[in-house]
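Good morning, everyone. Please bring up the sequence and the model on your screens. I will start with the overall picture and then pick out a few residues.

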Amino acid sequence: MAYTTIDDPSQFFQTALYSSDGGGGSITVTNDGNSDLQPDWIWIKVRNDSNDHNMFDSSRSNFGERIFPNQASASDSVASVSVSSDGFATGTGYGDINNTSGANNYVAWQWKCNGGTSSASGSESGSNLAYNFQVNTTSKFMINLYTGRGSSSTLNLGNHFTPEFMLFRNRDQNDDWVVYHHKNTSNPHTDHLHLNNNNATSDDEQMFEDVVFAADEINLGTNHEVNADGENYVAYAFAGVQGYSKFGSYTGNGNTDGPFIYLGFRPAYFLLKNISASQHWYVFDTARDTFNTSNSAMQASGSAAQETGYPMDFLSNGFKIRHNDNAWNGNGNTFVYAAFAEHPFVSSKGVPVTAR
C-alpha cells in the first residue's frame, strides 16, 4: 500500500466560499482548512451569475494582474487582491470578484507555491528563453514567467519535476490558453487542449515540437499561443504527489452508473475535460457540496453560473460518476482530469484517514 508524503493537503490547496452584499467594499476571505494557507495562485468564479473567471498569482505583479481562464483576452491590472497568512481580501468595485450592485456568491480555489519568492531565473541565451519561476517541490507546483522568442526554444524548469499538467497563457495578447496533459492521447507531447473553449484535443507540432516533456526543460515551437517574440507568458506546471494530487484519464460508459476513478485520496477539487468531443471543462469541489452526492458543476471554460443536477460521489479513495452527460461520461469518450485532495486515503505512517 502506497503512503502519502503530504498528510495535510490543506497546507497546499484550499477552497473558500464568500459572498458580496452589493456594498462594494473589500471582502476578507479566511480559509478554514486544517492548516493556514497563504495562497500564491487564486482562481475565483461567481457562482450565481454569468461573469468571467478571474485568476491572480504572486508572480504576476504580486496579485496586481488579472487574467481570465475562460477568455482569450490579454491580462489587465484593473482588479487586484491582497493575501494574508490564511486567505485574501478582494479589490473593490469589480463584479467578477465583488459585486457592487447586489448579492453574489463566489468560490475561490487557492494553491500555495513559494510565497511569491523566485526560485530561479535566467536571461535569454541561444534557444533558451528568459524565465523566472517559483516552485514548491513538496506539492510539485511551479509558476513560471517567461518571454517568447518566436522560434524553436527551450523553457527551463530547474529539474524539479516532469510536468504532468501544464497551463500556458500569453499575458500580452488575445491568445487562447494552451493545456498540456500527460494523458491527453498516447502521445501527449504532440497534442494540446485549450482551457478557454470546449474544443476536443488538437495536434500541432509547433506547440511543443512533438518532444517529450522532461524535468529540466521543455520544448516550445513557434505557435503564437506559447512562444511569440518578445511577448510575456505565464505557465502553471504540476506533477502528481501520492495522496495529494493526480492527473489522469478515464473512459466514459454513458451510464448513470458511471466509472469509478481511483485517486488514492478523497478529492477536494476535480477538474475534467472530454478530449474526444466538443465539451466544456468542468470543476467539482467539496466546498460547494459538503455532502454526497456532489450536485454542482461549474464550467471552467465558460462564464455560465453554477449548474446543478449532475450527481457525483466524492469517496475516500476517489471519484464516482453518477450521471450520463457527455461532458463527463460520454460512452467510449476519453476524459482527462486534475484532482487535489481533501484527505489522503492512507497517511505517511500507514494509517487510514477517515474522510467526512
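First, a definition: helices (H or I, at least four residues) and strands (E, at least two) are DSSP runs, numbered from the N terminus. With that in hand, find Q38. Q38 sits in the loop between β2 (28-30) and β3 (41-46).

A word on what you are looking at. This is a predicted model, where local features need pLDDT of at least 70, side-chain atom pairs count only at pLDDT 80 or more, and totals for chains, interfaces and linings use all residues. Residues are numbered from 1 along each chain as its sequence is written, and side-chain values use heavy atoms, with hydrogens and water left out.

Now the whole chain. How many helices and strands are there? The chain has 2 helices and 25 strands. Its C-alpha atoms fill a box of roughly 55 × 50 × 40 Å, taken along the principal axes. The radius of gyration, taken over C-alpha atoms, has a globule rule: 2.2 Å times the number of residues to the power 0.38. For 356 residues, a compact globule would come out near 21 Å; the chain has 19 Å, which agrees.

Next, burial. Buried means under 20% relative accessible area, exposed means over 50%, and partly exposed is in between (1.4 Å probe, protein chains only). Of the 356 residues in the chain, 57% are buried.

Then contacts, meaning heavy atoms within 4.5 Å. Take the contacts in the chain with a separation of 6 or more: 63% of them are between residues 24 or more positions apart.

Back to Q38. Is Q38 buried or partly exposed? Q38 counts as partly exposed, because its relative accessible area is 34%. Beyond its neighbours within four places in sequence, Q38 is in contact with V83, S84, S85 and K112. Look also at C113: Q38 and C113 are 75 residues apart in sequence, yet 9.1 Å apart in space, C-alpha to C-alpha.

Compare A89. A89 lies in strand β6 (residues 87-90). A89 is buried, because its relative accessible area is 14%. Setting aside residues up to four places away in sequence, A89 touches S26, I27, T28, V81 and S82. A89 and T30 are 59 residues apart in sequence and 8.6 Å apart in space, C-alpha to C-alpha.

Last topic: charge. Side chains of opposite charge can pair when their charged atoms come close. A salt bridge is a side-chain nitrogen of Lys or Arg within 4 Å of a carboxyl oxygen of Asp or Glu. A search of the whole structure finds 10 salt bridges.

Let us follow some of them. R60 pairs with D57, with the closest N and O atoms 2.6 Å apart. R60 is buried, at 0% relative accessible area. D57 is buried too, at 0%. R60 also forms a salt bridge with E65, where the closest N and O atoms are 3.3 Å apart. E65 counts as buried at 9%.

Which residue does E65 pair with next? E65 bridges to R171, with the closest N and O atoms 2.9 Å apart. This pair links distant parts of the chain, 106 residues apart: E65 is in the loop between β4 (54-57) and β5 (81-84), and R171 is in the loop between β12 (165-170) and β13 (178-181). R171 is buried, at 15% relative accessibility. Shared partners join D57, R60, E65 and R171 into one network of salt bridges.
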